[in-house]
Amino acid sequence: MKVVTVQPTGVTPADVLAVARDNARVEIAPETVAAMATSRAIVDNIEASGKPVYGVSTGFGALANTSIAPERRAELQHALIRSHAAGIGAPMPREVVRAMMLLRLRSLALGHSGVRPVLAQGLADLLNHDITPWVPEHGSLGASGDLAPLAHCAVVLLGEGWVLGKDGARLAAAEALHTAGLEPLELAAKEGLALINGTDGMLGMLLLAIDDAAHLFTMADVTAALAIEAMLGSERPFRPELHAIRPHPGQSASAANILTLLQDSTIMDSHRDDLAHAVQDAYSMRCAPQVAGAARDTLDFVRTTAARELVSVVDNPVVLPDGRVESTGNFHGAPLGFAADFLAIAAAEVGAIAERRVDRLLDVTRNRDLPPFLSPDAGVNSGLMIAQYTAAGIVAENRRLASPASVDSLPTSGMQEDHVSMGWAATKKLRTVLDNLTSLLAVELISAVRGLQLRAPLQPSPAGRAAIEALEPSAGRPGPDLFLAPALEAARAVVAGRDLRTRIESATGALR
């Protein structure tokens, strides 16, 4: 089993993916424990001095000027967790919650939160015993970070709240801790606030989305190339000299992929030297690298933003090495919200242009001698007609989801938190856009494969042959209509998985 060791410098994106998706074990470095202990000693000294400090000796939000007596400060922290665990709705996916817990542990490990190492160990114990808090989907405004979602994680440390069972059922946290042999924690001053004040839910979803988007944007080049091949498109627009004169790196990478994927194809050979053929292909074919490449460049920006956040101290207040405890606004989710909205726009367009290629493949007036709706017996049979309907509906949904969440704001906490980021909503809907993009590429993949099959006896490219082999067990060969939904689900699994790309790269070399 892979082990992720949390250092005082934090964790890497690969660490987050390993814990969230691959159940890596979490350990805390001795240096991390020492850094947290040093930070905690500063809080203990300030608390003993009687100096008013937000969240240590005062209330929260609009109650920041309310002084809390020393004997009630531990009670304050427990009350904070209980009251802020106020989400509602369906539970967030296990991988999101695991990413969020690791990132909160990372935040505490940076040594600026003033908490005891036992809190970090408590989060590690939940991860290592596969205890996933039940975190409702609604509750965060991305304001003081992800308050409600993180509180739903923290309340489990207290032996309260709910956890997500292996079967998706909601179970009592106390029972889950008991079964695992774990004891509930008792919080000290500031520790409740430190458990919930941060951008960890937003960042976790963004890191997962970055990984998904990187794979899907490469698969978009694959499905585009197969569709272009099936429609007897030209490879000339993808030559490197044409992209060197417009040096967007993503565009060049996407064009290089498509050009590589179109080689060694007798389908392409059948018209490659015919200068009268396809003087200009349609935009959805010819401009595929310009759209997918722009999405790649957007992803690079988002990856940079996430990397910065991953080394950031986003707690409030923060404990500085010189002994000061200062309030900050670092928990505000605007950088992540903007990045997520930008990536959602890009991903929606990658899906939209794929749907246009599907429509062209199915249209007998534009698909260059393929049968209507890719059915050899159109009329009695409808072929892939309704698969394109499904794609069109998903494109329409993605356009709605691409409307930015981060331009919205609703003031809260008695106008103390009077401008919020909506970053949780932005990152959550980004994941939906990417899930929808998976479906759109699946429809393009199955359509392109059917088109390539119909070009027989001409032989497709190695990528085309690999795609046909991957889909034929579920989609079959051209013929009478079949129950299409299972074939589309199987195509979705092929797009989301890594096997097809691996098989293609074994023939073509690595794709970018």
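The charged end of Arg170 lies over the Trp162 ring, 3.6 Å from the ring centre. By "over" I mean NZ of Lys or CZ of Arg within 6 Å of the ring centre and within 35 degrees of the ring normal. Arg170 also has its charged end over the ring of Trp134, at 5.1 Å from the centre.

This is a predicted model, where local features need pLDDT of at least 70, side-chain atom pairs count only at pLDDT 80 or more, and totals for chains, interfaces and linings use all residues. Numbering runs from 1 along each chain as its sequence is written, and side-chain values use heavy atoms, without hydrogens and water.

Next, aromatic pairs. Searching the whole structure gives one, where a pair means rings of Phe, Tyr and Trp (its six-membered ring) with centres within 6.5 Å; planes under 30 degrees apart are stacked, over 60 edge-to-face, the rest tilted. Phe301 and Phe342 have ring centres 5.9 Å apart and planes at 55°, so this pair is tilted. Phe301 belongs to helix 14 and Phe342 to helix 15, so the pair ties together parts 41 residues apart in sequence. Helices here are DSSP runs (H or I, at least four residues), numbered from the N terminus.

Phe301 is partly exposed at 38% relative accessibility; the term covers values between buried, under 20% relative accessible area, and exposed, over 50% (1.4 Å probe, protein chains only). Phe342 is partly exposed too, with a relative accessible area of 38%.

Key
Helix = DSSP H or I, 4+ residues; strand = E, 2+ residues; numbered from the N terminus.
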